[in-house]
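I opened this notebook page to record what I looked up, one topic at a time.

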Amino acid sequence: MLPVTSFLSCTEPIDQLECFSTRQKHHAKTYITGLVAASNKTVQGISNHILPAKSERALNKFLTEYNWDEDQLNRERLALLQQTNDTKWSSDGVVIIDDTFTHKTGEKIPNVGKFYDHTIRGYIWGQNLVYALYADEKTTYPLGFRLYEKDAQRRIELAIELVDELIEIGVPADTYLFDMSYCSQEFVTHLETYGKEWVSAVKSDARVLYGGERIRVDALAERIDTVPRTIDGETYHIWTQKREVSRLGEVKLLITKKESSNEDDELSVKYIVSNKIDAPASHLIALYAMRWRVETFFRDTKQDLGFGDCELRHAAGASRHWHLLMLAYSLLKLGAAHSALGTILERATSLRNDIKRSFRESVENLLSWALNSPNRSTDELMHQIEGMFV
């Protein structure tokens with residue numbers, strides 16, 4: 001791993017943040033640069049690889065002891081994103097609610113436990129976080145999160161807390177997207193008290209009133225005739241009607257079977273519900289497809305920004321790690337928005353090109369640092385970075 005000799009340019013907006021003191025801004029830039037450019041994204045790894053870092057102890061104190069307000073940081077981060085058209089939110093955007101896991105090994109990490117992970121169809125030892133993301137045709141970025149604690153609040157309650165926070169902050173998105181885990185009467189009723197529209201999937205055993213009887217939605221799928229439609233180059237077999245679905249009341253019910261390019265694959269069936277009663281099926285499908293943005297966010301941050309690399313046993317420190325990660329993600333989005341190298345598609349879907357751009361910048365900084373040290377011998381320069389090879 002090459003040493004990072006100066007802070008990445010994407011960290012410059014940190015100077016605008018009022019939640020940090022001057023000294024704390026130095027540590028914040030160190031941590032953000034480390035999350036983006038260091039291969040080892042732990043406190044120790046960042047302090048070793050980012051040469052401007054004061055020390056591992058100082059960085060650790062920044063996370064666990066220094067006095068700064070996470071909520072203020074989050075509001076100032078979101079305010080930064082409103083300063084450019086490419087990341088500014090609007091009522092046409094959507095809010096996506098979903099949760100993810102971080103795999104852990106220790107037992108003293110905050111709110112760690114045994115969870116069933118449907119992506120691997122098995123149990124894992126880790127942490128579970130509920131997230132809210134903003135997305136539109138131009139951009140995607142996190143709005144906030146809650147760490148799930150067993151025997152405390154339910155995930156639905158955490159999601160409701162997030163909705164209340166977003167309303168208070170002023171997130172204008174009219175539509176909320178979520179999967180079947182959050183599709184409950186309690187949650188959708190809460191959204192509707194704010195006048196919000198929503199689109200979700202329901203489980204195959206959800207009951208629907210049809211022909212005077214209540215039957216499972218997957219049983220209904222066997223009775224109805226679908227109509228083929230092409231949406232965004234994909235072929236769907238669609239049936240949709242206004243129906244009463246158990247515990248949700250009267251909603252728009254959409255049964256959609258997506259064709260695969262592989263002739264041997266079975267049709268992929270989704271049961272989608274929404275309070276957007278008059279919306280066409282194509283609109284609901286396009287909206288629900290945007291929910292995939294949250295999966296991209298989880299993938300990118302786990303692979304590239306150290307989402308699960310924090311091993312702090314200090315609860316506040318772990319929370320601050322995730323807040324700083326959201327800051328790193330947002331600063332990369334802002335950097336891409338100001339870069340002629342970016343494209344709308346790249347900005348909306350993945351951080352990988354922004355990470356590459358930051359890596360290129362760190363290499364340029366290293367070469368510049370070496371070339372501007374003519375009075376130092378090679379041995380002296382190597383001594384400066386020898387910690388990188390420990």
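I note here that the model is a predicted one. I then looked for the partner of E161 and found that its side chain meets that of R146 in a salt bridge, at 2.8 Å from N to O. E161 belongs to helix α5 and R146 to strand β4 (residues 140-147), so this pair ties together parts that are 15 residues apart in sequence. As a reminder to myself, side chains of opposite charge can pair when their charged atoms come close.

How many salt bridges does the count come to? I noted 15 salt bridges by the rule used. One of them joins R154 and E157, whose closest N and O atoms are 3.5 Å apart. I checked the exposure of both partners and found R154 partly exposed at 40% relative accessibility, and E157 partly exposed as well, with a relative accessible area of 29%.

I next turned to E244, which forms a salt bridge with R214, the closest N and O atoms being 2.4 Å apart. This pair links distant parts of the chain, since E244 sits in strand β10 and R214 in strand β8 (residues 213-216), 30 residues apart. E244 counts as partly exposed at 35% relative accessibility, and R214 is partly exposed with a relative accessible area of 41%. I also wrote down a network, in which salt bridges that share partners join D98, R291 and E295.

I looked up the largest pocket, and its volume is about 1,400 Å³. Which residues come closest to its centre? Of the 48 residues in the lining, these are K270, Y288, R291, W292 and E295, and I note that R291 and E295 also belong to the salt-bridge network with D98.

I then asked which elements build the lining, and the ones that each supply at least two residues include the strands β1 (94-103), β2 (113-117), β10 (234-245), β11 (249-258) and β12 (268-274), together with the helices α5 (155-169), α8 (281-289) and α9 (292-304). The largest share, six residues, comes from α8. By residue class, the lining divides into 17 nonpolar, 10 polar and 21 charged residues.

I looked for residues with a positive phi that are not glycine, and noted N111, with a phi of about 55°. N111 lies in the loop between β1 and β2, and is partly exposed with a relative accessible area of 27%. I also noted D151, which has a positive phi of about 65° although it is not a glycine. Is D151 buried or exposed? D151, placed in the loop between β4 and α5, is exposed, with a relative accessible area of 84%.

Of the 390 residues, 53% count as buried. Among contacts between residues at least 6 apart in sequence, 62% join residues at least 24 apart. Finally, I recorded an accessible surface of about 18,800 Å², of which 45% belongs to carbon and sulfur atoms.

Definitions and conventions
Residues numbered from 1 in each chain as written. Predicted model: local features only at pLDDT ≥ 70, side-chain atom pairs only at ≥ 80, totals over all residues. Heavy atoms only, no water. 1 Å grid on protein atoms, 1.4 Å probe; cavity = no way out; pocket = protein on both sides within 12 Å on 5 of 7 lines; lining within 4 Å. Points joined across faces, edges and corners; volume = space filled by probe spheres on them. Helix = DSSP H or I, 4+ residues; strand = E, 2+ residues; numbered from the N terminus. Nonpolar A, V, L, I, M, F, W, Y, C, P; charged D, E, K, R; others polar. Buried < 20%, exposed > 50% of the residue type's maximum accessible area, 1.4 Å probe, protein only. Contact = heavy atoms within 4.5 Å. Areas by Shrake-Rupley, 256 points an atom, 1.4 Å probe, with all protein chains shown as cover. Salt bridge = Lys/Arg side-chain N within 4 Å of Asp/Glu carboxyl O.
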